[in-house]
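Hi everyone, thanks for making time.

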Amino acid sequence: MLAPVRRGFVAVEPLLRASYADLAGDLRSAMAYARSRSEVDPDRIAVIAQADDGPPALLAMVAAASPVPLVLLAPPAFSGVDEFRREQRAMARRDGARADELRALDTYIEQISEIALSNAEPYVREYRLEALQGASAVQLPRNAAFPMDERQAHFFASPLWHDRLAFEPQVVLGLLRSPALVMIGVDEANTPIDAYIGAVRRGFAAARTDDTTVCLVSGRTRHSFTPYSMSAMVEWLAPRVGKAGDGVSSPAPSGCLVDPPSQDR
């Protein structure tokens with residue numbers, strides 16, 4: 001197994017400066033390196049990506065010369081701004097926010113997103129975000145995804161956050177040619193599971209492959225592997241790697257609570 005070290009692993013700035021296209025290119029380079037190794041069978045390559053690493057992995061697979069099996073653990077399923085809003089509202093509700101406070105938070109998130117998605121240079125976006133943050137009576141709930149001090153504007157002004165907010169998962173899922181497995185935990189925090197499954201299925205409905213599976217599992221799979229998630233990945237990948245697996249489509253791994261979307265077509 002090859003586990004590339006992500007940009008920003010030690011210092012976050014290289015990651016903030018990277019676009020999703022940059023990160024997708026990093027993955028393609030890692031795959032090319034793996035194929036160049038004498039001990040690696042180039043026909044037995046698969047990609048596993050978790051949570052926020054899902055979008056660059058999807059983009060890399062869309063641009064790949066040949067389909068490669070792709071496993072996505074709890075990737076985003078809603079548009080970037082919608083995902084951002086859902087996350088912040090869920091945390092605010094847990095903190096006891098009132099209905100009027102949630103409405104004010106929604107407006108603030110729209111203002112942040114509008115600036116972050118503008119075509120201005122990052123330093124201009126950062127200046128405008130600093131002004132917004134300083135003038136706003138509303139602040140985002142405290143969490144580990146970004147700083148809560150003056151550095152917050154720098155994060156949201158970055159190329160990474162621009163691409164994160166602009167990302168449309170359903171559109172990219174519809175461009176896939178690779179076999180794909182999406183796994184999501186039944187008790188995933190901040191995620192409305194029924195809406196999530198529906199969004200993934202709508203994306204897969206337009207995909208250029210019939211070999212797509214959505215697997216709802218017990219336990220969380222966004223930031224941790226459960227014993228079942230590991231065995232399910234192995235079971236799903238086994239018939240799909242290597243020349244013998246080309247074009248093979250098999251049922252969802254045993255124990256999945258959701259059938260493959262391709263069965264609904």
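Let's start with a pair of residues: L181 sits opposite T213 in strand 4. Keep in mind as we go that this is a predicted model. The two strands involved here are strand 3, residues 180-185, and strand 4, and they pair in the parallel sense over six bridges. There's a helix on them too: helix 10, residues 193-205, packs on the sheet and touches strand 3 and strand 4. Its direction makes about 175° with that of strand 3.

Okay, zooming out a bit. How many strands form the open sheet, and in what order? Four of them, running 1-2-3-4, with parallel pairing. So what's at the edges? Strand 1, at 47-50, and strand 4, at 212-217, each have a single partner strand, so one side of each is left without a neighbour in the sheet. On average, neighbouring strands are turned by 15° against each other, if you ignore direction.

Now the other end of the sheet. Strand 1 and strand 2 run parallel and are joined by four bridges. Here you can find I48 standing opposite V71 in strand 2. In a regular strand, side chains alternate between the two faces of the sheet. Look at strand 1 with that in mind: V47 and A49 are on a covered face, while I48 and Q50 are on an uncovered one. And there's a helix here as well. Helix 3, residues 54-63, lies across strand 1 and strand 2, the latter being 70-73, and it runs at about 165° to strand 2.

Rolling a probe the size of a water molecule over the atoms shows where empty space is left. In this structure, that gives two cavities of 30 Å³ or more.

The largest cavity holds about 130 Å³ of space. Which of its 15 lining residues are closest to the centre? Those are D52, P76, G80, E83 and R164. The lining as a whole divides into eight nonpolar, two polar and five charged residues. Helix 4, at 80-94, and helix 8, at 159-166, each supply at least two of the lining residues, and helix 4 gives the most, with four.

The second largest cavity has about 40 Å³ of space. Its lining is Y108, I112, L129, Q133, Q152, A153 and F156. Helix 5 (99-116), helix 6 (122-135) and helix 7 (152-156) are the elements giving two or more residues each, and helix 7 has the largest share, with three. What classes do we get in this lining? Five nonpolar, two polar and no charged residues.

Which of its residues are buried? L160, W161, D163 and L165 are. The cover over them includes helix 1 (13-16), helix 2 (20-36), helix 4, helix 5 and helix 7.

Last stop: L257, in the segment after helix 11, which spans 227-237. Buried or exposed? At 56% relative accessibility, L257 counts as exposed, because the cut-off is over 50%. If you compare L257 with G54, they're 203 residues apart along the chain, and their C-alpha atoms are separated by 21 Å.

That's my tour, so over to you for questions.

Notes. Residues are numbered from 1 along each chain as its sequence is written. This is a predicted model: local features need pLDDT of at least 70, side-chain atom pairs count only at pLDDT 80 or more; totals for chains, interfaces and linings use all residues. Side-chain values use heavy atoms; hydrogens and water are left out. Two strands pair if DSSP finds at least two bridges between them. Axes are lines fitted to C-alpha atoms, for helices over the stretch in contact, and angles run from 0 to 180 degrees between N-to-C directions. Contact means heavy atoms within 4.5 Å. On a 1 Å grid over the protein atoms alone, a cavity is a set of points where a 1.4 Å probe fits but cannot get out, and a pocket is an open set with protein on both sides within 12 Å along at least five of seven lines; lining residues have an atom within 4 Å of a point. Grid points are joined across faces, edges and corners, and a volume is the space filled by probe spheres set on the points. Ala, Val, Leu, Ile, Met, Phe, Trp, Tyr, Cys and Pro count as nonpolar, Asp, Glu, Lys and Arg as charged, and the others, Gly among them, as polar. Buried means under 20% relative accessible area, exposed over 50%, partly exposed in between (1.4 Å probe, protein chains only).
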